[in-house]
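Please read these notes with the model open beside you. Take the points in order, and find each residue as it comes up.

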Amino acid sequence: MHDFVEHPTEDVMERFLLHQSGDEELEAIETHILACESCVSRLEALQEFIDTAKVAMREMHLEATEKAVQKQKRQSWFSVKSLSLAGAAAAIALAIAVVPRLMPNHPAANVDLSAYRGLERTVVPKGWPLHIRMNANDLAEGPVEIEVVDREGTELWKGNTAILHESAEVNIPKIKVPGPYFVRVYRAVDGNPEGDLLREFAVQVR
Amino acid sequence: MLVTQTKLSPAAADEGGGTAQTSPGQEAQAKATRPGFSTVEWGALVAQVKAGEDAGMEHLYKLFSRGIRYYLCRQLGPQELEDKVHDTFLIVVNAIQRGDLREPERLMGFVRTVVRRQVAAYIENAVHTRREQTDLESGVTVVDRKQNPEQEAMARQKTEVMKNALSALSQRDRDILVRFYLKEQSQEQICREMALTETQFRLLKSRAKAKFGEIGKKKLASNGLFSVFVRAHAG
């Protein structure tokens, strides 16, 4: 017969709480604690410690794992492959962001317009700024307004210049979409907000 | 959450050696002075109960109620605990009065047998009920064992202290505690894998726990959580 009066040791209690007791030991401690309040209190304190320790150990393990993963990520940035990829990406970004600003703009294309609409089309390059010199024979010198429209008559650009020595010159921005366009020359007059249409030149953007 | 576990036996929380602040080396002394039941006259007690005397009943209940409550709660959880304790106590009393206990000295073992049968019966009943109710209920009712905010804050604080204390241990000592408490490896396995003798294992574990208890005691002086490990230093 067991002597159930003996208080179990700390080790026996730990094994009991961790479900590691053998049959005999289990019988002894279970029987003992049924009638021993002090050992129940010890078990409760020990259980609380074990539970708290488990939570703390799990958290520490998670934190350590997270740190290891972060470290690995940082280290992986310095591998040859990652550096190569990063370098390539940086170069592309640089090219996209900086190079266009450093590239010189196209010089303006010189265009001489002498014929009226319908008679002749002057071909101008797509995507180039244009320096247009228009024939203004028989037109009085003075300020005029220049308007560029597409085939639908939609205005693309409008600016001012002057007729001087039977010619008018203007710089217009590049036209990006190919197709037929018209350059119109207006002179402002009282009573007509649009002004008088003096000339209209046809151009073909290609 | 593990640390939120309800105290298994609510009464006498600050009785006994478990939560007392004891110093290393006092285990033997504490063991000797712990209140026990060695002085119980089993024959007289059983005779009183058998005769239906109130004093005997009261003594029996006082002697076993907390242990039975702890055991049942550990096995079955806190639901309807008082009813279960009461049922168990009635079974024991009835059995004694019927004369089922022939040797009064075996009362403790007898109570254990009754409690174990009770646990088995409750589990069997729960399984049966669950089977019957499966067709009726789509979900499973789970008892909410969450703690209140104060308890959660206390548990959080304890965990933080525990982490600090663990961090202060050597890698080897910490590894022993992690293997034993978290991974629940057996002493034999830990000894084998860490090339330790059983004595070394016990010493290392007790030293680690003692160190742990000292650190915890400094940081959480008012809390009894770490006291058991100060005592463990003895061995």
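1. Start with chain B. From the N terminus on, its elements run α-α-α-α-α-α-α-α-α-α. That is 10 helices and 0 strands. Helices here are DSSP runs of H or I with at least four residues, strands are E runs of at least two, and both are numbered from the N terminus.

2. A word on the source. This is a predicted model: local features need pLDDT of at least 70, side-chain atom pairs count only at pLDDT 80 or more, and totals for chains, interfaces and linings use all residues. Residues are numbered from 1 along each chain as its sequence is written, while chains are lettered from A and ligands numbered from 1 in the order in which they are written.

3. Chain A has 5 helices and 8 strands. Along the sequence the pattern is α-α-α-α-α-β-β-β-β-β-β-β-β.

4. How much of each chain is buried? In chain A, 28% of the 206 residues are buried. In chain B, buried residues make up 29% of 235. Buried means 20 or more other C-beta atoms within 10 Å of the residue's own; exposed means 12 or fewer; partly exposed is in between; C-beta atoms are placed from the backbone.

5. Now contacts (C-beta atoms, placed from the backbone, within 7 Å). Take those between residues at least 6 apart in chain B: 60% join residues at least 24 apart. In chain A, residues 24 or more positions apart account for 52% of the contacts with a separation of 6 or more.

6. Look for the nonpolar cores. A core is a set of buried Ala, Val, Leu, Ile, Met, Phe, Trp, Tyr and Cys residues joined through C-beta atoms within 7 Å. The largest has 49 residues, and A:Ile33, A:Leu34 and B:Val111 touch the most other members. Helix H3 (residues 37-76) of chain A gives the largest share, 10 residues. A second, separate core has 20 residues, including A:Leu130, A:Val144, A:Ile163 and A:Ile175.

7. Next, helix H2 of chain A, residues 23-34. Its 12 residues reach 17 Å from first C-alpha to last, close to the expected 16 Å. The expected span is 1.5 Å times one less than the number of residues. Which residues of H2(A) are buried? They are A:Ile29, A:Glu30, A:Thr31, A:His32, A:Ile33 and A:Leu34.

8. A:Ala28 also lies in H2 of chain A. It is partly exposed, with 19 other C-beta atoms within 10 Å. A:Ala28 and A:Pro8 are 20 residues apart in sequence, yet 8.4 Å apart in space, C-alpha to C-alpha.

9. H2(A) packs against helix H3 (residues 54-76) of chain B. The angle is about 130°, with the axes 7 Å apart. Axes are lines fitted to C-alpha atoms, for helices over the stretch in contact, and angles run from 0 to 180 degrees between N-to-C directions. The pair is therefore oblique. Under 35 degrees counts as roughly parallel, over 145 as roughly antiparallel, 65 to 115 as roughly perpendicular and the rest as oblique. A:Glu30, A:Ile33 and A:Leu34 meet B:Phe64, B:Gly67, B:Ile68, B:Tyr70 and B:Tyr71.

10. Finally, helix H1 (residues 10-17) of chain A. Its axis comes within 10 Å of that of H2(A), and the two cross at roughly 100°. The helices are therefore roughly perpendicular. A:Val12, A:Arg15 and A:Phe16 of H1(A) touch A:Glu25, A:Leu26 and A:Ile29 of H2(A).

Notes: Contact = placed C-beta atoms within 7 Å.
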